Amino acid sequence: MPLDELAAELSAGALVTDRDVIGTYSKDWALFSHVGEAAALVRAASVEDVQATLRFATAHRIPVVPQGARTGLSGGANAVEGCLLLSVAKMNEIVEINTVEQTCAVQPGVINQDLKKALTQYGLAYPPDPGSVAISSIGGNVATNAGGLCCVKYGVTRDYVRNLTVVLADGQITRVGRPTRKGVAGLELSQLFIGSEGTLGVIVEITLDLIPALPDPLTAIALFPEAADAASTVCDFMATGARPSMLEYLDGTSIDMINDYGDFGLPSGMGAMLLVQSNGDGSLEHAIEEMETFTRVANACNAAEVVFSEDPADSELLVAARRAVGPAGEKYANDHGGGELIDDVCIPRGKMREFFTRLDGIRAEHPHVLISNAGHAGDGNMHPCVFFDAGVEEATEQALAAFDAIMALGLELGGTITGEHGVGYLKKEWLARELDPVTRAMHLKIKDALDPLGILNPGKMLGVL
């Protein structure tokens, strides 16, 4: 491969051939996902670097794996054999914050939390807040259509993308989406790239819609002896017309892991906990009414205890505990054989009680693994985690079987195999099961139209359609 030719077209130092450095960029956080040997790494510093890389890759028929912060959980950023890894992490500038239009333009490497902090001085907010908010990039959030804790009320990444600047497989650059808040001129092509996991093009700039700064919320927790009663509470509460700004679920196993990880003071010995917030759209009276409704519903569904607080410090501590699910699980895995598979199924809220009940059946069928469950209960997006001793063959086999059983259950209940983590390597076979034959054919036609040589992130999301 004539890498000198590529280096001449790139910014100084953008092309990396050091095998150790390439190795650190060759995978995300997913287990059981293939990692190939990349030919080189391009740490793009500009749009021109991205264009030059893709022109070179097209000319030489070389696969390209676009990458952001590599915090994904599905192997979507993993290297494929002989590829160029194309990292846009260094493209991390907030280009513009427009208070009149209530938009911002950012490069793909901007970290979600950094954007939120920058917006506070303008009285504006960008609501999508994945659990990895402090380390994941906006470009990666767009590539997987990330959601998070507030999406029950405020929606997911897709709901805030106004337009995208994209470099296509052959190096051409285009802008897709709308220049204004409203617009119906032509097909909404930007929607194709949101959630496409780098298979259709490389996003180099994103214009996001913003909203006024979010009011401080009230926070409540409800404790339940049984997980199924927590599910009933979610359904009955949302059926009242409630619009909580957060509605999160933790099972007893997740609570125990969090308490072992840090001093969050969560009560132990319970089957499940719901964490709910309401900001009342700025009305304290309305927020209190919503908390009172939640309390009434939870008590009717056999809650052992319900409490809520107006103290922002309480809210921050409880939300921090919820965000600690990931690192707490990682600690548990490291202490118990190193195996962790994080599932991500989204089901209709009305099926959540059945999901919890049948998840107990999956636990019983796989005694060599531990399955915890937490997630965004308000929109049915659950994250069961399968923990196992990776050094024990039977445990590893059961972990994979349990992971598959959870996805099968999600589909059987009318849900989807992924609500926000993406498909990547980890779930590519399952995507073919979820999509009907006509829809699979449509996906492949779109892929062929935008990437006729098949060089963009091959073998991942669309690999077995």
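**H9 against H12.** I listed the residues that meet between these two helices. On the H9 side they are Met-257, Ile-258, Asp-260 and Tyr-261. On the H12 side they are Val-325, Pro-327, Ala-328, Gly-329, Lys-331 and Tyr-332. I note here that the model is predicted.

I then looked up the geometry of the pair. Two packed helices are described by the angle between their axes and the distance between the axes. H9 covers residues 252-261 and H12 covers residues 325-335. Their axes are 8 Å apart, and the packing angle is about 85 degrees. Angles of 65 to 115 degrees count as roughly perpendicular, so H9 and H12 are roughly perpendicular to each other.

**Domains.** I checked how the protein chain is divided. Domain 1 runs over 3-87, domain 2 over 94-212 and domain 3 over 218-413. I took the centres over C-alpha atoms: domain 1 and domain 3 are separated by 36 Å.

The unreviewed UniProt entry places "domain: FAD-binding PCMH-type" at residues 34-213. In the model, the end C-alpha atoms of residues 34-213 lie 42 Å apart.

**Helix H3.** H3 has 14 residues, 47-60. At 1.5 Å a residue it should span 20 Å, and its end C-alpha atoms are 20 Å apart, so the two values agree.

I also looked at burial along H3. Asp-49, Val-50, Gln-51, Ala-52, Thr-53 and Leu-54 are buried. Phe-56, Ala-57 and Thr-58 in H3 are buried too. Just after H3, I found Arg-61 with a positive phi of about 55 degrees.

**Asn-141.** I asked myself: is Asn-141 buried or exposed? Its relative accessible area is 3%, and the cut-off for buried is under 20%, so Asn-141 is buried. Asn-141 lies in helix H5, residues 138-144. I set aside residues up to four places away in sequence and listed what Asn-141 touches: Asn-112, Pro-130, Ser-136, Ala-146 and Thr-157.

**Ala-304.** I placed Ala-304 in the loop between helix H10 (284-300) and strand S15 (305-309). Which residues is Ala-304 in contact with, leaving aside neighbours within four places in sequence? I found Leu-223, Phe-224, Pro-225 and Met-270. I followed up on Pro-225. Ala-304 and Pro-225 are 79 residues apart in sequence. In space, C-alpha to C-alpha, Ala-304 and Pro-225 are 6.7 Å apart.

Note on methods:
Residues are numbered from 1 along each chain as its sequence is written. This is a predicted model: local features need pLDDT of at least 70, side-chain atom pairs count only at pLDDT 80 or more; totals for chains, interfaces and linings use all residues. Side-chain values use heavy atoms; hydrogens and water are left out. UniProt positions are given in the numbering used here, feature names are shortened, and annotations may be inferred rather than shown by experiment. Helices (H or I, at least four residues) and strands (E, at least two) are DSSP runs, numbered from the N terminus. Domain bounds come from an automatic or database domain assignment. The expected span of a helix is 1.5 Å times one less than its number of residues. Buried means under 20% relative accessible area, exposed over 50%, partly exposed in between (1.4 Å probe, protein chains only). Axes are lines fitted to C-alpha atoms, for helices over the stretch in contact, and angles run from 0 to 180 degrees between N-to-C directions. Angles under 35 degrees count as roughly parallel, over 145 as roughly antiparallel, 65 to 115 as roughly perpendicular and the rest as oblique. Contact means heavy atoms within 4.5 Å.
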